[in-house]
Amino acid sequence: MKETSPLPARAIQLGFLASLMAAWFIIGRTGAISPLFVPPMEAVWRAFIALVQTDQFWSAVATTLRTIGEAYGIAVTSGVLIGYLVTRSRFLTQVLEPIVSGFFAIPITLFFPLFILLFGIGPASKVAYGAAYGFFPIALNTIAGLAGVNRNYLNAARSMGLSSFGTFRHVLFPAAFPVILTGLRIGFFICFASVLGGETISSVSGVGRNIALAAELMEPARMYAWIVVVIATALALNTLVSMVENRMRLY
Amino acid sequence: MSLTQTEMLDGRVIARHPPKYFAHGVTAVWTRRLIVLGALVLWEIWTRLAGNSELIAPPSSIVRALFSDILSDAAIRGAIMLTLFEVVSAYALAIVVGLAMGLAIGSTNLSRRSLFPVVLLLYAIPQVILLPLFTLGFGIGPAAKIAFGFSHGVFPILVNVVAGMRNVNPLYLKAARSMGARRSDIIRNVTFPHMVASFFTGLRLSMTMTLLGVILAELYVSTAGVGYFTKLFAETFDPAPLFALIGTLAIMAIGLNEIVRAVERRFTRWKDWAP
Amino acid sequence: MNLAHPSPKAALAGSSVAISVRNVTQRYGEPGAPHTVLALDNVSLDIRRGEFLCLLGPSGCGKSTLLNIIGGLIAPTEGAVTVDDAVVEGPLPDKIAFVFQESTLFPWYNVAENFGINFKYRGVARSEWRDRTILALKSVGMAEFIDHYPGQLSVGMRQRVNLARGLSAGTEILLMDEPFAALDEQSRMVLGEDLSILLAEAGKTIIFVTHSLAEAVFLSDRIALMTARPGRIKAIIDVGEPHPRMPGFMLQPRFSELRNQCYAALHDEIRQAMVAAESWGKAEL
């Protein structure tokens, strides 16, 4: 197989990006699509510059980040803990794991109004919603990781005389770690998206709220500016996570 | 360890079919049912005794509300059916477009290597922030919801079709070539069926995502449809019908999922037997 | 060749019995339930100190189960195993070491750390770890890989390190469960020779589970032939060739004789096991 150079692919990607920008520019000039839906590029740029200088921007970002952080923290703690406890007995795993995975099969988004009912429309409901949503992949992956450890490793550990803590530290945890880490990664992006979603749908503060507000107030340029911020953050996070994963030793 | 019933017959050992329910497995199933039942009972007792009637309703009230408030109200029934219609439309659209685009992108090495990373990048964006934009563009009627559901559901299909065209086990390709197959034969008899299997696997995830998109859109547009009613019940602190409505939508979601799963199973049975 | 009784030579030799398996029966399934599996049926066996005994039998005959019971990883449904006249009730890390079929080197630790874990819980002083590791690795020719990770080694190399780890524990008894199963035949032959040389020097008591007739004859002092499920000792064959075994042993007529003896005794059992496996397979479809 001859080595194919990445150049043609890169060229097409850049061309794609360039044509998108060009199209946007042309639409802005000619007004072919309603400026309410696609505002001109310069308007978005100006709105963006104005936005990042306001206090409102930074406080909204802070609110959202804090909400995501709290939701994720709760999801990780409860997910890993419960995942660990469930796998202590094979019977318990057999009984409980299908309940958890069955519940996850229902779109948790449906329950969002319940969170609003219980916690109001402030950040608390988004923390609860994000935590509840993110809990599942973390718990399920923790269960899968710990329960799926190759029996031979456990037998070897027993034959060497490892205590139960020793077995956890030297066998269970390292063996399960890659799977658990995947769960943590998925859980993070679910917390991220669900908090933003919750804020967009029903909230008083935060990034999502601002996007919805900009739409309500018919300020598309500002809305696009916000969207660009979020997209850039999401892509940056994604790239960061991929790089870290590639760097980590895979066994 | 596969567990079978063995029998001594004339001193020789023969084995029978594996039993359908092994004792341990049966205990687990019943314990699970007991736990779920127990949880419902506890829920009922706790809310009746100590719960805040404005926040949580006991299961019995929910069931009653289901019949008295939800299923009997034509407007709510209509909203639920509309949601179902939106999901099915968005799903159908996602399948058609996803399949077409997937085949196009996966058809040549160059198109795949250049465009697939773009698709994956788009997949990583939390689409929910585009929801207000969708309503600006499509209005607040079913169109926006179908569009939003579509934009969620198209990705799993697209990704799976492209991946399915790529990841054929090289041994199968070798076997085909050794039998004298030409490139077009290989595409027809090896790559395509493999892609079809991948496509069916993507159908299920696509249904989940489409549901997600439609529900998000419905909840956001709270001036009509199920979003209106959920907002209404939440704001008037009327938990029983809210739970009932959400429960109905959940059952609809599970039902749709099961249908897709059955279709997937029917068409990918060979995978269970494949090495 | 005696059926199901230890060889008379052993009784006469007067050497002490290291491991005694007495009436071990292993049943799976809840008592009283309609579906149970009898894995081992009333197995009794004496293993002499310093001998190399092979458990040879068809798939599913329970040889691995028996090994795990001897090593204290599983408790038998009936019967008991005694090691040095003490009943086995759990793993005995200071007396018994295992070498499993797949390499059970922990992939998240490098070779040195793997040996370290083995030493730590058997109470070996930390100061001795590095030296004993290097010594053990030298005996299998893997000393230069001491800081490598198992993932960086080939299957054969991993198994050699796995073997060395088992040997390095310094236990009197070594239980080996098809350690060469994952290797190709040529590697098996070469490693078999190495193993024979190693063990001749070490003087350990070894129970070795295998499918391979040639391997059993080449390596062991005695071969315990097992029936298809439920597993019983069908016969015990005395090999009677001094250690270390030379590669030339395989060319001698006696080798083929013994091998044919084993095959003749096991032939029906193997067929039975295949038929049983087929009917399980069919039922699952």
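These legends describe close-up views of a predicted model.

**View 1. The contact between chain C and chain A.** Chain C contributes 22 residues and chain A contributes 19 residues. About 1,900 Å² is buried between the two chains, with 62% of that area coming from carbon and sulfur atoms. On the chain C side, C:Leu73, C:Trp108 and C:Tyr121 supply 35% of the area that chain C buries against chain A, more than any other three residues. No salt bridges are found across this interface, while three residue pairs are in polar contact.

**View 2. The side of chain C that touches chain A.** Strand 6 (96-99) and helix 3 (111-120) of chain C each supply at least two residues here. The largest share, three residues, comes from helix 3 of chain C. By class, this side of chain C has 14 nonpolar, four polar and four charged residues.

**View 3. The largest cavity.** The model holds three cavities of 30 Å³ or more, and the largest has about 70 Å³ of space. Of its 13 lining residues, A:Ser159, A:Met160, C:Phe98, C:Arg122 and C:Arg165 lie nearest the centre. Two or more lining residues come from each of helix 7 (151-159) of chain A, strand 6 of chain C and helix 5 (155-168) of chain C. The lining divides into six nonpolar, five polar and two charged residues.

**View 4. The second largest cavity.** Its volume is about 50 Å³. Residues of chains A and B line this cavity, among them A:Leu110, A:Pro113, B:Ile215 and B:Glu218. Helix 8 (183-220), helix 9 (225-235) and helix 10 (239-267) of chain B each supply at least two lining residues, and helix 8 gives the most, with three. Seven of the lining residues are nonpolar, one is polar and one is charged.

Methods
Residues are numbered from 1 along each chain as its sequence is written. Chains are lettered from A and ligands numbered from 1 in the order in which they are written. This is a predicted model: local features need pLDDT of at least 70, side-chain atom pairs count only at pLDDT 80 or more; totals for chains, interfaces and linings use all residues. Side-chain values use heavy atoms; hydrogens and water are left out. Contact means heavy atoms within 4.5 Å. Buried area is the accessible area (1.4 Å probe) that two parts lose on being put together, summed over both. A salt bridge is a side-chain nitrogen of Lys or Arg within 4 Å of a carboxyl oxygen of Asp or Glu. A polar contact is a pair of N or O atoms within 3.5 Å; within protein, one must be able to donate a hydrogen and the other to accept it, and residues adjacent in sequence count only if both atoms are side-chain atoms. Helices (H or I, at least four residues) and strands (E, at least two) are DSSP runs, numbered from the N terminus. Ala, Val, Leu, Ile, Met, Phe, Trp, Tyr, Cys and Pro count as nonpolar, Asp, Glu, Lys and Arg as charged, and the others, Gly among them, as polar. On a 1 Å grid over the protein atoms alone, a cavity is a set of points where a 1.4 Å probe fits but cannot get out, and a pocket is an open set with protein on both sides within 12 Å along at least five of seven lines; lining residues have an atom within 4 Å of a point. Grid points are joined across faces, edges and corners, and a volume is the space filled by probe spheres set on the points.
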